[in-house]
Amino acid sequence: MIELRDVKKAFNQGQHNEVWALSGISLGIEAKRVTALRGPSGSGKTTLLTLIGCLARPTSGRVTLHGRDISGLPERFLTEIRRKTFGFVFQQFNLVKGLSAIENVMLPAYPTGRPHRELAQRAEALLERLRLAHRRDARAEWLSGGEQQRVAIARALINDPEVLVADEPTANLDTALAKEFMAILESFGAEGRTVILTSHDPLVTESAVVGRLVDMRDGLLVEHHE
Amino acid sequence: MKSWIEKQRHLIDFTLSSLLRRRGRNLGLLVVYSLLVFVLASAMLYSHALRREAAVILEGAPEVVLQRLVAGRHDLIPPGYIDKIGQMRGVQDIRGRLWGYYYDSVVKANYTFMVPADGSVAKGALVVGPALARQRGLEANTGVSFRAYSGELRSFIIADVLPQASEIASADLILINEDDFRAFFNYPAGHYTDVALTVANAKEVRNVANKLSKLLPDSRPILREEMQRTYASLFDWREGIMLALLSAAILAFAILAWEKASGLSADEKREIGILKAIGWETGDVIRMKLWEGGLISLTAFLLGFVAAYVHVFKFGAPLFAPVLKGWAVLYPRFDLVPVIDGLQVATLFFFTVFPYMAAVLVPIWRAAVTDPDAVMRS
Amino acid sequence: MRTSTSAAAILLTLALAFVACLGDARLTVERRAGEVVAMRTLAAQLGLTDLALFTEARYTRHPSQADLHSAFQDHPLALEHFPSGSLIVPHHEILDRETTAPD
Ligand SMILES: Nc1ncnc2c1ncn2[C@@H]1O[C@H](COP(=O)(O)OP(=O)(O)OP(=O)(O)O)[C@@H](O)[C@H]1O
Ligand SMILES: [Mg+2]
């Protein structure tokens, strides 16, 4: 469903500190599978995720979503696509401090103008499913790392996105919590959601849940494991 | 439409939750902000109402008052002046007026003695102003004595006390019969304090005044227009004083608002990044902040204005009393008739609400246009 | 209750209070119209030229009738010593005329 064709990304282009984070990536990502990006630090995994998730535009090359070219769209449209199609789980989880767990979950749906009651119900159902219903009114900063991650996952799902994007989802978790995360991932796979994640954690990359592993190095793909 | 409203409500929910996170600080800001509006609105309402009172009184003031000056000081009008003026064209009515000041050492207050033109006060009687009556404990049919300029004590009967409703103009007045006035002050016969003129054609007033200064070069005509302007500028000036006193408060508020609004903390910047990454548009972030600024400033404005109205018109502006009373022993007690001028309210609204909105919005604008991918690398 | 609902309730209350102020002002003006007429009549009868706000000095009791420099009549450099005097400015019209006629 997502196609990348010779995608390059430079930071600080034309300046003395120019960095080419991606130097020509062509990749197709199939729907309803878990795809994992693996590679050493600095290889461009996060950068690639931002391009796929419409958080940034490539310097050159094309990104298409369902056959529609999204690499040249203005920010407004990108935002809309991002909101409708992608749910994000960040490495630091990035919850908004001071808001309760449930408020954090509802946050991405605010600009859609969906009725409050409906939103609250959906958020509660998501928290329930992630076994967090008892923490719904706890402030984000009072949650443990695992709880924060599950709130972040619930937040990523509030708009019912087709694609879940997760950057280093287990980097801040111990083994038990990482395993729990993989179990949650598995249920998404069963639901038929597309998941794209990055990781150096063997627990993730070696897992049976991951349908496809993409190796990266120095901004290029290394090889394809089918 | 329905989803638009729902969306705005979501944005408001969020912005209020954010504000409630730093409850003490934001409440403090709201209090200071309301206080500022309160003082400004009080000054505005108060001076505007006073100006209206002055306008009401001056409507009936003589069109021209002619004073005579001797070596730069106000002096008596000698006999003959009134006849001379009477021959001038355009003058409809001339009246020599008798009035003056009297210091009462009993209560250490200044009074204004005045002879009413219609001779309505009988010999041996006085009509006194309400503040004076209060201060000296006088009422109708009681007696009072003052030491005359000849040195002897003179007794009078109080015929009446002027109505309380007129106190703002008549607080310290003592109305007295002409013969009593002349005897009491040793006032030379045929002399007057000044001359009040009525001019036949209202458009000719200035002409008449010019002719008067030519005819009587030692005299100074004061036009009603000028009296009106004295009062307009007097209260403008008072507002100016209030503003001067307030500038410290305004400055403090400006610093507070600026610090709060423009000193976008790293946390707040990160928060905007998160919102953008999870699907908020730049416009949504700005709209949310607009709600924040709008709600705070509207609340502060309404709160401050209503409090000011109650302060000025229900409690008699106790905070301004010390400024007004000065050193005087006699000061009027008055209930101002409320005057609310739409334009002034709008001006106040603009000058209190707009700067705050700007202080909130400008930095957010800058932060909100940053790239959403930054949040992936925090 | 949602915070936006509470905020709307608070704002609505304040707005009503604001409207009540406007209404009160209008009613008071009507109710006290008689007093205003009475004061206007009295002022016209007596030929009053000033408000009796500050009674402590001649030039503050009757600012519109005061000598031009009365605030400083003791000495041109005399300091103002009545606080209310600092609230009153001389008005320009009279100052301007000073150049053509002795005052
Ligand atoms: N905003 C930026 N400005 C300049 N250089 C950047 C920026 N973002 C990333 N880079 C550089 O681009 C390269 C790729 O970064 P990226 O974050 O994609 O790597 P990564 O594979 O996610 O690494 P890690 O595993 O450590 O998260 C790095 O060399 C990085 O320094
Ligand atoms: Mg990374």
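Biologist: How many salt bridges does the rule find across the interface of domain 1 of chain B and domain 2 of chain B?

Modeller: Residues are numbered from 1 along each chain as its sequence is written, whereas chains are lettered from A and ligands numbered from 1 in the order in which they are written. A salt bridge is a side-chain nitrogen of Lys or Arg within 4 Å of a carboxyl oxygen of Asp or Glu. By that rule, the number found between domain 1 of chain B and domain 2 of chain B is zero.

Biologist: What distance separates the centres of domain 1 of chain B and domain 2 of chain B?

Modeller: Domain 1 of chain B covers 2–58 + 232–377 and domain 2 of chain B covers 64–222, with bounds that come from an automatic or database domain assignment. Taken over C-alpha atoms, the distance between their centres is 48 Å.

Biologist: How many residues of chain B are in contact with chain C?

Modeller: Chain B and chain C bury about 6,600 Å² between them, with 63% of it on carbon and sulfur atoms. Contact means heavy atoms within 4.5 Å, and on the chain C side 58 residues take part, while for chain B the number is 83.

Biologist: Which residue of chain C forms a salt bridge with K314(B)?

Modeller: Between chain B and chain C the count is five salt bridges. In the one made by K314(B), the closest N and O atoms are 3.0 Å apart, and the partner is D24(C).

Biologist: Which helix of chain B gives the most residues to the side of chain B that touches chain A?

Modeller: The contact takes 28 residues from chain B and 34 residues from chain A, and three salt bridges are counted between the two chains, including one between K276(B) and E75(A). On the chain B side, α1 (2–21), α9 (266–277) and α10 (282–314) each supply at least two residues, where helices (H or I, at least four residues) and strands (E, at least two) are DSSP runs numbered from the N terminus. The helix that gives the most, with nine residues, is α1(B).

Biologist: In which helix of chain A is confidence highest?

Modeller: Chain A has a mean pLDDT of 89, and 98% of its residues reach 70 or more. Confidence in chain A is lowest in strand β10 (residues 220–225), at a mean of 73. Where pLDDT is low, the predicted coordinates should not be read in detail. The highest value in chain A, 94, belongs to residues 101–106, which form helix α3.

Key:
Predicted model: local features only at pLDDT ≥ 70, side-chain atom pairs only at ≥ 80, totals over all residues. Heavy atoms only, no water. pLDDT = per-residue confidence, 0-100. Buried area = accessible area lost by both parts, 1.4 Å probe.
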